[in-house]
Amino acid sequence: MEVEGERKRLVQIYMILGLLLSCYVSKLSALSVTVNDVECVYEYVLYEGDTISGNFVVVDHDIFWSSDHPGIDFTVTSPAGNVVHTQKGTSGDKFELKAPRSGMYKFCFHNPYSAPETVSFYIHVGHIPSEHNIAKDEHLDPINVKIAELREALESVTAEQKYLKARDTRHRHTNENRLDLKLYICH
């Protein structure tokens, strides 16, 4: 009985972890962009206060990066049109910010040089739910009932498989004994 209670508790923990992970990991995007002048990528953020993080790196360029190369510029614009993050003259960097509001965010790369630059870009929008959005015990009660029903159905299937295996073994044993008897009689 104690093992069954422990198993039930582990199932609950795994389900809660799964729910939490699905809440925390909202969206991941990775792509490569060839920037001739200005190229923008758009990402929808569902909740105000979500964490927007990522990185970008210029991975391929047609010109040699020398000290006089101005690098590329990177800006993030909120749905209201405000620039919420900017980096000037870089070959890549990491970024992280809190979304001031929900909506469509614009991530733009500006290449002041005429030669095209290929930029590898990664973005992650993470959401941490508030305390009132996390599942409570009363939310898990119907799930626990379904888990118990599934456990009983699985136990029934397992018992049926054991019965069929034992019956198969008995039939095989009977057939082998009949074959031995026939061979014995024939000799």
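Reader: Is Ser53 buried or exposed, judged by its relative accessibility?

Author: Buried means under 20% relative accessible area, exposed means over 50%, and partly exposed lies in between, with a 1.4 Å probe and protein chains only. Ser53 has 15% relative accessibility and therefore counts as buried. This is a predicted model, in which local features need pLDDT of at least 70 and side-chain atom pairs count only at pLDDT 80 or more, while totals for chains, interfaces and linings use all residues. Residues are numbered from 1 along each chain as its sequence is written, and side-chain values use heavy atoms, with hydrogens and water left out.

Reader: Where is Ser53 found, and which residues does Ser53 touch?

Author: Helices (H or I, at least four residues) and strands (E, at least two) are DSSP runs, numbered from the N terminus, and Ser53 belongs to strand 3. Contact means heavy atoms within 4.5 Å; leaving out residues up to four places away in sequence, Ser53 touches Phe95, Glu96, Tyr122, Ile123 and His124.

Reader: How many helices and strands does the chain have, and in what pattern do they follow along the sequence?

Author: The chain has 2 helices and 8 strands, and their pattern along the sequence is α-β-β-β-β-β-β-β-β-α. Of the contacts in the chain with a separation of 6 or more, 78% are between residues 24 or more positions apart, and buried residues make up 26% of the 187 residues.

Reader: Which residues of the largest nonpolar core touch the most other members?

Author: A nonpolar core is a set of buried Ala, Val, Leu, Ile, Met, Phe, Trp, Tyr and Cys residues joined through side-chain atoms within 4.5 Å. The largest one here has 20 residues, of which Ile52, Phe56, Phe74, Phe95, Phe107, Phe109 and Phe121 touch the most other members. Among the elements that give two or more residues to this core are strand 3 (51-61), strand 7 (103-110) and strand 8 (117-126), and strand 8 supplies the largest share, 4 residues.

Reader: Which cysteines form a disulfide, and why is the disulfide described as right-handed?

Author: A disulfide is a covalent bond between the sulfur atoms of two cysteines, and the cut-off used to assign one is a pair of cysteine sulfur atoms within 2.5 Å. The structure holds 1 disulfide, formed by Cys40 and Cys108 with their sulfur atoms 2.0 Å apart. Cys40 lies in strand 2 and Cys108 in strand 7, so the pair ties together parts that are 68 residues apart in sequence. The torsion about the S-S bond of Cys40 and Cys108 is about 105 degrees, so the disulfide is right-handed. Cys40 is partly exposed, at 30% relative accessible area, whereas Cys108 is buried, at 9%.

Reader: How many salt bridges does the rule count, and where do Glu149 and Lys146 lie?

Author: A salt bridge is a side-chain nitrogen of Lys or Arg within 4 Å of a carboxyl oxygen of Asp or Glu, and by this rule the count is 2. In one of them Glu149 pairs with Lys146, with the closest N and O atoms 3.5 Å apart, and both residues lie in helix 2 (residues 137-186), 3 residues apart, about one turn of the helix. Arg172 also forms a salt bridge, with Asp168, at 3.4 Å between the closest N and O atoms; these two residues are 4 apart in helix 2 and so are separated by about one helical turn. Arg172 is partly exposed, at 42% relative accessible area, and Asp168 is likewise partly exposed, at 44%.
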